Structure formats: C-alpha cells, structure tokens
Amino acid sequence: MLALYGLPAAHGTEAMNETTSVGRVELGADAADADATIACLYPMTGRSASYGRDSIVAIRMALDELATDPTAPRLRVIVDDSRSKASFAVRMAEDFIEQDSANILCGMVSSGVGMAVSRLARQRKTILIGTDHASSRAVLEEGHRYYFRVSSDTWHSQAAGARYLQELQQQEGWNKVAFLGPDYEYGRVAWRDLQEAFDLYDVDYQVTGSYWPKLYEPDYSLYIQSLLESPPDVLVVALWGGDFTAFIDQARTTRLFSLMRVANFDTGGDYETLVALGDTPPEGLILSARHHVNWPPTALNRQFVEQFHERSGRYPNYSAQGAWAGILTVAKAITLAGDVTDTEAMVEALKGLEIHLPKDPEGYVSYIDAETHQIIQAQAIGTPVPSQDYPPAQVVLGNWNVYDAESLKPSPALVERRRGTPGGG
C-alpha cells in the first residue's frame, strides 16, 4: 500500500506523455468543489526547471492517490513558476492568498525563495509546507508556528556527512578539508552546519579554503584552479542540480579528482546527477540526496519510483518525493483537524504528524518534529556503482552508510542556541 491511501493504477499512454507546462497549472478539484486550496511555487524555467517538472508529476500522483479514498479531502492545487527569485515569489504568494484564497502555501526549491515566502507566511498566519528548499535556518533561527518542512534539511544532511567523514578519517587519516557552495542562503548555512557537526563529533580538521560561486555559475575554472593549487584531502560541495553537474564536467577535465575525495551530502546523489556521470564516474565521489531511486529497498520506495516512471517515462529527482509528501501531509492534517480554515487546529495536527514515505527504511515512519516543525528522516550516503536498473543512468549509489533518523535530530540545546531563545514554535 502506498503511503496513506492506496496505490492507483498508472495512467498508461496518457501518463507517458505527461509534461510540465511553463507557467500556472491548476490540478485536482475545481475551486467550487475543493475542501482546500494549496498554492505551490516551483521553478519551471532555467537551470532548475526539472525540479518543478518532477514536482508537478508527483503532485498529480498524490492527488490520484487521494481520489481513491472517498473520505480524503478534495484538494485544489495551483502551481506557478517562482523563477527562483525571492521578491517575485513573495508577490506571487501574496496573490495566491488574496486572489486565489489559498489556504496553504507549499513548495520552493531555492532556500532564498523559501525563506522569503516563509516570512510572508508568518506575517499572514498562513501555513507553509516546505517540500524541497533545505536551509536549516528555516526551522531553527527563523522557525515559526506556521512553517513546516517535509524534506531533509542541511543540518540532517551535513550531520550525516560529518559522521561519514569521521569514519573515513579513522580509515584513511584525512585532515584537510575545503568547501565549495553557492553564495546564498543554502550554501552558507550548509557550510556552517557541517562545521558545527564536525565540532559536535570531535572531528579534527584543517580548512584549506571555502569557495563561493554564484548560483547558476556557468564557469568554475577559477575555483577549480584554486583547489588544484591548494588541494584538500576532502572537498565538500554544496552545489545542486545543473550547477553540480557543470562543476563535475569541468573538474573531470583536470587532475582534481585524483588529488582529493569529492563529497556532496545533500543533493549530489540526485538521479539527474547519476545520469550525468555516465558509465565512468570520477574516482572518489561520495554522494547522497534527499531521496534515492534505489534506497531504501522497500516495497513503498519501489512502487513510488516505478509509478513515477510509468507516468512520466523517466525516473524522479529527489524533489518529487518532497512534493508528493507535501500534498499527502496536508491531506492528512486536514483529516485530523477537520477544517483547513481552522489554522490553529491545522498547526496542532501538523505537529508530530506521522507519514510513511518512500525514504523511510523498513520499520520506520517519518514524523514532523513538534518543536522544530522539521521532518525527521534517516540519511544514506554512498558511492557510485555500475547499474543498468534505472536507464539512462549507468550508475546508482551503493556501498551505503546509513545514519538513523533520531541520531541526526538536532538536540534541544542546539535548537535553543540557534534560536537564541528557549522554546519555540
């Protein structure tokens, strides 16, 4: 059984031809018949457009799943292009609330966009379900009553990464580390989280450099040259999507991968990156992502991945699971609260809400932490291994190191320190 409700049949030829429109898309129930209107912002243009494309497919899957249950709420979902611009997304979110009477906001890929819309949600007392953007500041320093996130954040991924590197240090004795990440909210917070996790786990390390290309940077040659001149033992990269694959493509024409291990603990194991690696990945890669097509090896994950492929003709990137989780989370909260317009009841329903997701290992069920409003999930880190199971990718991740969900959860002391005040919510 897939998640909350049943697994519906795929949509055959119609599904195989499914594409994402550029611009506003309305899905699910008509406005007159809907029990709730959810308004989602995703990039549909530019280098990160595939995240919006796959999120829309996953939203359709979630709505079809809800349609198999006559007791489930009828949802109207509006999706529009955030253009990965914070000011534009805030205006769009305001229009969703004022013109479309949106009950819930959702989505966002860029952390800069997500943080800006979160501040609006707090001001307007409108619930926001973050499905992809990952800055830990969204649930820690800037966490508030109306913000909830249903995908892993930078704290969880970097804490898992710090533990992986701690184990690698014991095996190989590395000491020098460098960091390369996009020069905005997400990259800066990921580096801070990694350093904080290193300290938490007593990792002994020396920083040889931190590098900050702009988001969607087309040319990484200056950064690569600097890394070659002062090579670390381990380079941790926080680039994502097309930025990460562009970096790999440019770096693999140099000696970089022979001089250092390259790790990307939050987004590097995305399916699209695996495709881009071809049949001969650079040596020494260490990768993870917020969802994997081949981990965990559970019936739920296999069904999710296979249904996505049957519907779209491709395998999902990690944003798809976040979008799918977001819609089903809202539906379950409405069922528990009884009425989406009772915002306080919805908030209380979301606190601690349990939802079985494709990312869950056997025997575990994801839940939203009542204090931080962050979903608590395990993290698996691996290395590329040959596989023909998910074409056109010629590799998948294997040799897994798995870090259980509770061990990655930030301690109450860390939450209090980051927020600067006791308590929260």
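The points below concern the sheets and helices of a predicted model.

1. The six-stranded sheet. Six strands make up an open sheet whose order is E1-E3-E2-E4-E5-E6, and the pairing in this sheet is mixed. Its edges are strand E1 (25-28) and strand E6 (147-149), each of which pairs on one side only. Direction ignored, neighbouring strands of the sheet are turned by 20 degrees against each other on average.

2. Strand E1 is joined to strand E3 (residues 75-81) by four bridges, in the antiparallel sense. Within this region, Leu27 stands opposite Val77 in E3.

3. The three-stranded sheet. A further open sheet consists of three strands in the order E12-E13-E14, with antiparallel pairing. Strand E12 (354-355) and strand E14 (375-376) are the edge strands, each pairing on one side only. Two bridges connect E12 with strand E13 (residues 366-368) in the antiparallel sense. Ser366 in E13 is the bridge partner of Ile355.

4. Helix H2. This helix covers residues 49-67, and at 1.5 Å a residue its 19 residues should span 27 Å; the end C-alpha atoms lie 28 Å apart, in agreement with that expectation. Because 15 of the 19 residues are buried, H2 is largely enclosed by the rest of the structure.

5. Helix H5. Residues 154-172 form helix H5, which has 19 residues and reaches 25 Å from its first C-alpha to its last, close to the expected 27 Å. The helix is mostly covered, with 14 of its 19 residues buried. Just after H5 comes Gly173, which takes a positive phi of about 75 degrees.

6. The H5-H6 packing. Helix H5 packs against helix H6 (residues 185-200) at an angle of about 45 degrees, and their axes are 8 Å apart. H5 is therefore oblique to H6. The crossing of the pair is right-handed. On the H5 side the contact is made by Thr154, Trp155, Gln158, Ala159, Ala162 and Leu165. On the H6 side, the contributing residues include Tyr186, Val189, Ala190, Asp193, Leu194, Glu196 and Ala197.

7. The H6-H15 packing. Helix H6 also meets helix H15 (residues 412-419): their axes come within 14 Å and cross at roughly 140 degrees. That angle makes H6 oblique to H15. This crossing, too, is right-handed. The contact involves Val189, Arg192, Asp193 and Glu196 of H6, together with Leu414, Arg417 and Arg418 of H15.

8. Val189, Asp193 and Glu196 take part in the contact with H5. Val189, Asp193 and Glu196 also take part in the contact with H15.

Key:
Residues numbered from 1 in each chain as written. Predicted model: local features only at pLDDT ≥ 70, side-chain atom pairs only at ≥ 80, totals over all residues. Heavy atoms only, no water. Expected span 1.5 Å × (residues − 1). Buried < 20%, exposed > 50% of the residue type's maximum accessible area, 1.4 Å probe, protein only. Pairing = 2+ DSSP bridges. Axes fitted to C-alpha atoms, helices over the stretch in contact; angles between N-to-C directions. Parallel < 35°, antiparallel > 145°, perpendicular 65-115°, else oblique. Left-handed = near helix turned anticlockwise from the far one by under 90°. Contact = heavy atoms within 4.5 Å.
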